[in-house]
Amino acid sequence: IFGGVTAEQLASVCDAEGETPLHWAAQFGHLDQILGGATFEQLISVRDKEGGTPLAYAAHYCALDQIKGGVTAGQLASVRGHYGATALHAATSYVHIRGGVTAEQLINTVAKDGVSALLTAAVAALLNQVTGGVTAGQLAAVVVPGGDGDSGLHLAAHFCALDQIAGGAS
């Protein structure tokens with residue numbers, strides 16, 4: 001597009017699912033092509049029919065580093081989208097969270113279905129991206145809701161993340 005297009009223009013049109021071109025730019029990693037960039041506020045200003053924001057798309061599809069001014073773990077935890085999960089849940093497999101994210105932030109960020117963002121990080125096998133690390137005790141204390149008692153430590157074992165546990169998995 002000659003001359004460019006703004007985030008506001010991309011947020012003004014939606015398809016049958018309620019997705020805007022801003023959602024798509026976030027999903028396909030093209031936020032950096034928006035004239036003037038896209039800010040946190042712009043990326044939470046619209047939602048698709050399932051409640052998803054362009055911010056959640058950017059978090060899930062690894063485009064957080066393209067957000068003008070960056071985004072913090074606290075900002076990600078403050079925005080709920082699909083199925084009551086936060087953008088921090090989507091971002092736990094991504095390292096471009098300005099200022100990092102701590103185990104306590106992940107433990108305390110819980111989706112409406114009860115899933116802690118720490119469980120999401122264990123499934124993504126990226127516990128080594130957590131500022132200050134994650135201990136076996138922290139993982140053992142977080143249980144998968146509605147299951148048979150499986151903990152974050154179970155998930156770390158299943159998804160090859162035992163070597164990412166601070167102090168080892170003893």
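Two residues are in contact when heavy atoms of theirs lie within 4.5 Å. Keep that in mind while looking at this predicted model.

Start with the whole chain. It has ten helices and zero strands. From the N terminus on, the elements read α-α-α-α-α-α-α-α-α-α. The C-alpha atoms fill a box of roughly 60 × 30 × 25 Å along the principal axes.

Now go inside. Of the 170 residues, 43% count as buried. The largest nonpolar core has 45 residues. Within this core, L31, L55, L64 and L127 touch the most other members. Helix α8, residues 117-123, gives the largest share of the core, five residues.

Take L55 as an example. Leaving out residues up to four places away in sequence, L55 touches F40, L43, I44, L64, I67, V71, L76, V79 and A87. One of these, L64, is also among the residues that touch the most other core members.

Next, find H23 in helix α2, residues 21-27. Is H23 buried or exposed? H23 counts as buried because its relative accessibility is 0%, and buried means under 20%. A polar atom of the H23 side chain lies 2.9 Å from the backbone oxygen of G52. G52 is also among the residues H23 touches beyond four places in sequence, along with G18, V46, R47, D48, T53, P54 and Y57.

Finally, step back. Among contacts between residues at least 6 apart in sequence, 63% join residues at least 24 apart. The accessible surface comes to about 8,300 Å², and 57% of that belongs to carbon and sulfur atoms.

Notes
Residues are numbered from 1 along each chain as its sequence is written. This is a predicted model: local features need pLDDT of at least 70, side-chain atom pairs count only at pLDDT 80 or more; totals for chains, interfaces and linings use all residues. Side-chain values use heavy atoms; hydrogens and water are left out. A nonpolar core is a set of buried Ala, Val, Leu, Ile, Met, Phe, Trp, Tyr and Cys residues joined through side-chain atoms within 4.5 Å. Buried means under 20% relative accessible area, exposed over 50%, partly exposed in between (1.4 Å probe, protein chains only). Helices (H or I, at least four residues) and strands (E, at least two) are DSSP runs, numbered from the N terminus. A polar contact is a pair of N or O atoms within 3.5 Å; within protein, one must be able to donate a hydrogen and the other to accept it, and residues adjacent in sequence count only if both atoms are side-chain atoms. Accessible areas come from the Shrake-Rupley method with a 1.4 Å probe; for residues, only the protein chains shown count as cover.
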